[in-house]
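Reader: Hi! Could you walk me through this one? I'd like to talk about a pocket and then some charged pairs.

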Amino acid sequence: MKNVSLVLSGGGARGLAHIGVIEALENQNYNIHAITGTSMGALIGGVYAAGNLKAFKEWIINLDKVDVFKLIDFTLIGNGFVKGDRVFNELKTFIPDINIEDLDIKYAATATDITNRQEIVFTEGNLLSAIRASVSIPSVFTPVKNNDAILVDGGVVNNIPINHAKRIAEDVLIAVNVNANVPIPKKNEPEVKEDFKYQNLLNSFNKSIHKLLPTDNKNSLGYFDIMNKSYEMMRDQLVKLYLEIDPPDVLIEISRNFCNIYDFYRAEDLIVLGYETTRNRIAKNNFNV
């Protein structure tokens, strides 16, 4: 059985593909002895390390668009549009009150301290608190205050934290980039159906945002569009640099064009994509590195 040190990138809903990656590795008898993740990668990695990935998968694939929308506690004041209390109350079902150092596998989550301008790596302390800090996308989720630090998404400075991976002798370092500039496999292109109830909820929220942050005309990019596109461009350039500096033994690439970062209702499709991409990568060379 080959040992794997797994590095999981951030990417919003795209990070649900990590579930399929992990399932494919386990089905091929690879032993994941360590996981390092940021943002959604930290969440999926943490749920796996806590032994609850199967239950989390069953929960997430049964959420439709309206269910996902209802989990988001919007706030139009403060330093983030989403407080995150609702979704993290749900996540407590899958993330126990446990310290990272007490997990059965090595685990690390990264965040960014914008007060002291440095990357933070959680390798001990409360698991849920570490994940909450790691997923705090700037201006979307309210940040986490920790003593004199204000913590936001780890992807701000390092969205694929290969340099923090825990290694043992003769293991394979596998990194998963769910924002890769690669085509979508044709057989994985899902049929997207219109959901009018969800669209009405989204339109209502967008009108509220437009009143606070109006655009010049109907053809202008909205606040979220500008923020997301700018953030993703910055993140992708940094990932490219990190991969050149510290390349993994194996890189698994999931197309960033498969969905938007908030399309959590497409969980099942994303998990299948992650599974099949990894299975094909294994079949290609069986990770003989």
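Author: Happy to. This is a predicted model, and in it the lining of the second largest pocket divides into five nonpolar, four polar and four charged residues.

Reader: What volume does the second largest pocket have?

Author: About 280 Å³. Of its 13 lining residues, Asn 177, Asn 181, Asp 236, Lys 240 and Arg 256 are the closest to the centre.

Reader: And which element gives the most to that lining?

Author: Helix 8 does, with six residues. The elements giving two or more residues are strand 9 (172-180), helix 8 (223-245) and strand 10 (250-255).

Reader: Back to Asp 236: which residue forms a salt bridge with it?

Author: Arg 235, with the closest N and O atoms 3.2 Å apart.

Reader: Is Asp 236 buried or exposed?

Author: Buried, because its relative accessibility is 17% and the cut-off for buried is under 20%. Arg 235 is buried too, at 3%.

Reader: Nice. Changing topic, how many salt bridges are there?

Author: The count comes to five. One of them joins Glu 23 and Lys 57, at 3.0 Å from N to O. This pair links distant parts of the chain, with Glu 23 in helix 1 and Lys 57 in helix 3, 34 residues apart.

Reader: What about Asp 249, where does it lie?

Author: Asp 249 pairs with Arg 167 at 3.4 Å between the closest N and O atoms. Asp 249 sits in the loop between helix 8 and strand 10, and Arg 167 in the loop between strand 8 and strand 9, so the pair ties together parts 82 residues apart in sequence.

Conventions. Residues numbered from 1 in each chain as written. Predicted model: local features only at pLDDT ≥ 70, side-chain atom pairs only at ≥ 80, totals over all residues. Heavy atoms only, no water. 1 Å grid on protein atoms, 1.4 Å probe; cavity = no way out; pocket = protein on both sides within 12 Å on 5 of 7 lines; lining within 4 Å. Points joined across faces, edges and corners; volume = space filled by probe spheres on them. Helix = DSSP H or I, 4+ residues; strand = E, 2+ residues; numbered from the N terminus. Nonpolar A, V, L, I, M, F, W, Y, C, P; charged D, E, K, R; others polar. Salt bridge = Lys/Arg side-chain N within 4 Å of Asp/Glu carboxyl O. Buried < 20%, exposed > 50% of the residue type's maximum accessible area, 1.4 Å probe, protein only.
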